[in-house]
Amino acid sequence: MVRAAVLPAVGAPLEVTDIELPEPGPGRVRVRLAAAGVCHSDLSLSNGTMRVPVPAVLGHEGAGTVVSVGEGVTHVVPGDGVVLNWAPSCGACHACALGEVWLCANALTGAADVHARRADDGTDLHPGLNVAAFAQETVVAASCVLPVPDGVPLTDAALLGCAVLTGYGAVHHAAQVRPGETVAVFGVGGVGLATLQSARIAGAERIIAVDVSPEKEELARRAGATDFVLASDTTPREIRGLTDKQGVDVAVECVGRGVTIRAAWDSTRRGGRTTVVGIGGKDQQVTFNALEIFHWGRTLSGCVYGNSDPAEDLPVLAEHVRAGRLDLGALVTERIALEGIPAAFENMLAGRGGRALVVF
């Protein structure tokens, strides 16, 4: 038996309880978790903004050590350190054929599988976003594990599984920030901090962090922000004031609220690019009039998982870590046990801190 954080129903409190995992069958891998990040997507799953079958073991950003493998698994062996890949691409759907693996139509089919059972009553449990990382151990498809690159500490490597891939990809793949450009990042949580570091790596000349919490300024500046703006109705005007009245070349929205997406759009220059990373609910509406779309010539685009291919991007990120350009530990503002996840959710809702990391 292993301890895990279980979501019994949408909107219900998480329950830390014992679960029974099966041994890995063909094509599957058992992993002992070293750490798991608490992501806003986990909160979105718990409150129903995003939906997966429940009851479920949540958690999708994790890293650990291979305990055992099933028949046919050859790319990892027991003892290997691995990063969990919660959105493995199938390689066969239309998006994969186009090379857009982050949009794979079959990436989350595993979320409907029976992953484990509660030890107390035998209830079937699903694996949340495929990997069920809020547990001491998990059993996943072989496609959901990638070897930890050399030189990356196993605990820190958990952050590569979502926050860093998303933030880095938003800058380098989706927005394609060029050296010398100006960038505004809305929301200084775990993904926002990764986005700020990635903008610095990309060579952005001015990097403006925007958040509702003044306590985030120090975190933002350590991550590479040259300026900090406290979010308000005048945020776009303040950003234009910092950029010769032009607006930034690129705005990255990491919050998922209609008003923030609109502010990010309004903060870009004529011809600027706005990339939306945050996951908002259906009730979050954004409106534009036809004339402004023509006049400003701006681009607004969504960004899924940083438009990243984890197999290709992890080695690149590891090189940035080894060279000291990417500081994974700087994203983490608290290290907690499984029992601390509900409080981490509350901190997210209140806009406090960066990434909370469950350490096993």
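Predicted model: local features only at pLDDT ≥ 70, side-chain atom pairs only at ≥ 80, totals over all residues.
The largest nonpolar core comprises 95 residues, of which Val38, Val164, Leu196 and Ile341 touch the most other members. Apart from this core lies another, made up of eleven residues, including Ile19, Val57, Ala132 and Ala135. Residues up to four places away in sequence being left aside, Val164 is in contact with Leu159, Gly169, Ala194, Leu317, Leu326, Leu328 and Leu331.

Val164 also takes part in a helix pairing, that of helix H4 (residues 163-174) with helix H10 (residues 310-322). The axes of H4 and H10 come within 11 Å and cross at roughly 95 degrees. Because angles of 65 to 115 degrees count as roughly perpendicular, H4 is described as roughly perpendicular to H10. On the H4 side the contact is made by Val164, Leu165, Tyr168 and His173, and on the H10 side by Pro310, Asp313, Val316, Leu317 and His320.

Ile341, another of the core residues with the most contacts to other members, belongs to helix H11 (residues 341-350). The buried residues in H11 are Ile341, Ala344, Phe345, Asn347 and Met348. These residues lie on the same side of H11, because the arc that they cover around the axis is only 160 degrees. An α-helix has 3.6 residues a turn, so residues three or four places apart point the same way. Among the elements covering the buried residues of H11 are strand S1 (2-7), strand S3 (28-38), helix H1 (40-47), strand S17 (332-336) and strand S18 (355-359). Gly351, which follows H11, has a positive phi near 75 degrees.

An open sheet is formed by six strands, with parallel pairing and the order S13-S12-S11-S14-S15-S16. Strand S13 (227-230) and strand S16 (299-302) are the edge strands, each pairing on one side only. From one strand to the next, the twist averages 20 degrees. Within this sheet, strand S11 (residues 182-186) and strand S12 (residues 206-211) run parallel and are joined by five bridges. Helix H6 (residues 216-223) lies across S12 and S13, and runs at about 150 degrees to S13.

Ser267 is located in the loop between helix H8 (258-266) and strand S15 (268-276). Ser267 counts as buried because its relative accessibility is 0%, the cut-off for burial being under 20%. Beyond residues up to four places away in sequence, Ser267 touches Phe186, Pro236, Ile239, Gly247 and Val248.

Most residues other than glycine have a negative phi, and most peptide bonds are trans. The peptide bond from Val54 to Pro55 is cis, with omega near 0 degrees. Pro55 is situated in the loop between H1 and strand S4 (56-57). Asn130, although not a glycine, has a positive phi of about 75 degrees, and is placed in the loop between strand S8 (124-125) and strand S9 (137-141). A positive phi is also found at Asp244, a residue other than glycine, with a value near 55 degrees. Asp244 lies in the loop between helix H7 (235-241) and strand S14 (248-253). Asn130 is buried, with a relative accessible area of 7%, whereas Asp244 counts as exposed at 69% relative accessibility.

Notes:
Residues numbered from 1 in each chain as written. Heavy atoms only, no water. Core = buried A, V, L, I, M, F, W, Y, C linked by side-chain atoms within 4.5 Å. Buried < 20%, exposed > 50% of the residue type's maximum accessible area, 1.4 Å probe, protein only. Contact = heavy atoms within 4.5 Å. Helix = DSSP H or I, 4+ residues; strand = E, 2+ residues; numbered from the N terminus. Arc of directions from axis to C-beta. Pairing = 2+ DSSP bridges. Axes fitted to C-alpha atoms, helices over the stretch in contact; angles between N-to-C directions. Parallel < 35°, antiparallel > 145°, perpendicular 65-115°, else oblique.
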